[in-house]
Amino acid sequence: MSRSFRRHGQSIRMQLAAGEVALLRSMRDGLRAVLEDGAPDDPVIARLFPTAVSDDPEADTELRRLLRDELLTARLAALDDLHELFEQGQESRGGLRVDLDAEQAVLVLGVFNDLRLAIGARVGVEHIEREQLPTDEATTQRLAVMDHLGWLQEQLLAVLDPPSVQVHLDGDGQERR
Amino acid sequence: MAPLLSAAPAAPVRERDAETEDRVRPDAPWDVLVWDDPVNLMSYVVFVFRRVFGFPEPVARKLMLEVHHQGRALVASEPREQAELYVQQLHGYGLHATMQRTS
């Protein structure tokens, strides 16, 4: 499988398959809808806007209220920016090629992470034993997408920030991937 | 170097009413904790620690492993405003961070 992210001069070249682009566009639209709806009891909202003060419910409520608007604005802007990046990309090898500067690469990394967090919250990943295959097909599919996005993140991190690769070369052997 | 999923460090400081304790001890430190979660990649957490706090890679990695094994790690103790800024940045990157008064 060819690399999705590689160094290209001063840029990081992102090369996505058509299916990946379609999936990312669809997930981006889905996350945007959830963010705009902002239902407080939605696990995705709870995960993306989590507890901020751990020993003081009153202070937590106040700080979360303060943080929420800024975090929401930043997350929606990042989804828009990803859309723009895709629009600027060039068709290549039956998919999409986009050259990213360092800040755009961090933006992509962050959006992929938000999408993974959203999927994880949607399937209740903290209650799933990953060694056992979930029984329902929707959950299986969502976990597969989450893993694939994680693989894209790992590739991006490896070219964005080479030292972090060490974590995987000499880690403690208990990593999920 | 403005983080893209969180407010830039240079963003205007939010205005807020100081609580009584802060008026009495305005510089009383707050601990910033990062909690383990099953989604964030280990390499991503290291990246975020380096980017937000400017930690050298070995320090960032040690703290990431502490989160992974102990369930949480203390990543900063700062006056309230700075602690809030760190929590905001970490939430922007999708890490579960909280702050609490240093005991």
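The legends below describe close-up views of a predicted model. Local features need pLDDT of at least 70 and side-chain atom pairs count only at pLDDT 80 or more, while totals for chains, interfaces and linings use all residues. Residues are numbered from 1 along each chain as its sequence is written, and chains are lettered from A and ligands numbered from 1 in the order in which they are written.

**View 1. Helices α1 and α4 of chain A cross at roughly 70°.** Helix α1(A) covers residues 18–37 and helix α4(A) residues 102–123, and their axes come within 11 Å. Helices (H or I, at least four residues) and strands (E, at least two) are DSSP runs, numbered from the N terminus. Axes are lines fitted to C-alpha atoms, for helices over the stretch in contact, and angles run from 0 to 180 degrees between N-to-C directions. M27(A), L31(A) and V34(A) of α1(A) make the contact with D114(A), L115(A) and A118(A) of α4(A); two residues are in contact if their C-beta atoms, placed from the backbone, lie within 7 Å.

**View 2. The open sheet of chain A has four strands in the order β1-β2-β4-β3.** The pairing is antiparallel; two strands pair if DSSP finds at least two bridges between them. Strands β1 (5–8) and β3 (90–92) of chain A stand at the edges with a single partner strand each, so one side of each is left without a neighbour in the sheet. From one strand to the next the twist averages 35°. Strand β3(A) is joined to β4(A), residues 95–100, by three bridges. In this pair, S92(A) stands opposite G95(A) of β4(A). Helix α5(A), residues 137–160, lies across β1(A) and β2(A) (11–17) and runs at about 20° to β1(A).

**View 3. The open sheet of chain B has three strands in the order β2-β1-β3.** Here too the pairing is antiparallel. The edges are β2 (72–78) and β3 (96–101) of chain B, each with a single partner strand, so one side of each is left without a neighbour in the sheet. Neighbouring strands are turned by 25° against each other on average, direction ignored. Six bridges join β1(B), residues 30–35, to β2(B), and W30(B) has E78(B) as its bridge partner in β2(B). Helix α4(B), residues 80–92, packs on the sheet and touches β1, β2 and β3 of chain B. The direction of α4(B) makes about 165° with that of β3(B).
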